[in-house]
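Please open the model in your viewer and keep the selection tool at hand. The tour goes stop by stop.

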Amino acid sequence: QFQLVESGGDLVQPGGSLRLSCAASGFTLDDYNIGWFRQAPGKEREEISCIRNSGRATNYLDSVKGRFFISRDDTLNTVYLQMYNLEPEDTAIYYCAADLERGPSCGDHRMMSAFFGTWGQGTQVTVSS
């Protein structure tokens, strides 16, 4: 069974940092493209970042560029989203997802969400003073 489990979400003050984890079971993360997304209440889902099976990463969301960084630890079969200088606007549920069909999910300019067929349950990030 293919499964992704996110963790690391928390309540943090503006300017704080968090590292989200996305752990996989049933498959090896470095064989596939993995993406991070987020969705705030009443808003559409946003594409944040993707790390390809090659290890090349692309950030897509302008509002987090220079603050959020995706990485992968192959020994732990885990993908991370390191977030710095958090803002109240970053409050959302954060999800990771895997493209197990090896489609063109991580483009140069956007993520093709339709190719991400395996999703985690999400982890809540709340940025508030």
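What follows is a walk through aromatic pairs, cores and a sheet in a predicted model.

**Stop 1: the aromatic pairs**

Across the whole structure, a search gives 7 aromatic pairs. Select Phe 37 and Trp 119 to see one of them: the ring centres are 4.7 Å apart and the planes stand at 45 degrees, so this pair is tilted. Phe 37 belongs to strand E4 (residues 33-39) and Trp 119 to strand E10 (residues 118-119), so the pair ties together parts that are 82 residues apart in sequence. Are these two residues buried or exposed? Phe 37 is buried, at 0% relative accessibility, whereas Trp 119 is partly exposed at 27%.

**Stop 2: charges over rings**

Stay on Phe 37 and select Arg 45, whose charged end sits over the Phe 37 ring, 5.4 Å from its centre. Then go to Tyr 80, where the charged end of Arg 19 sits over the ring, 4.0 Å from the centre.

**Stop 3: the nonpolar cores**

Which residues have the most contacts inside the largest nonpolar core? They are Trp 36, Leu 81, Met 83 and Tyr 94, in a core of 29 residues. Elements giving two or more residues to this core include strand E3 (18-25), strand E5 (46-51) and strand E11 (123-127), along with E4 and E9. Select Leu 81 and show its surroundings: setting aside residues up to four places away in sequence, Leu 81 touches Trp 36, Ile 48, Phe 68 and Tyr 94, among others. Another core, of 7 residues, lies apart from the largest one; among its members are Phe 37, Cys 50, Cys 106 and Met 111.

**Stop 4: an open sheet**

Switch to a cartoon view and colour E1, E3, E8 and E7, which form an open sheet of 4 strands in the order E1-E3-E8-E7 with antiparallel pairing. Strand E1 (3-7) and E7 are the edges: each has a single partner strand, so one side of each has no neighbour in the sheet. Direction ignored, neighbouring strands here are turned by 20 degrees against each other on average. Finish at the pairing of E1 with E3, which is antiparallel and runs over 5 bridges. Select Gln 3, whose bridge partner in E3 is Ser 25.

Key: Residues numbered from 1 in each chain as written. Predicted model: local features only at pLDDT ≥ 70, side-chain atom pairs only at ≥ 80, totals over all residues. Heavy atoms only, no water. Phe/Tyr/Trp six-rings, centres within 6.5 Å; stacked < 30°, edge-to-face > 60°. Buried < 20%, exposed > 50% of the residue type's maximum accessible area, 1.4 Å probe, protein only. Lys NZ or Arg CZ within 6 Å of the ring centre and 35° of its normal. Core = buried A, V, L, I, M, F, W, Y, C linked by side-chain atoms within 4.5 Å. Contact = heavy atoms within 4.5 Å. Pairing = 2+ DSSP bridges. Axes fitted to C-alpha atoms, helices over the stretch in contact; angles between N-to-C directions.
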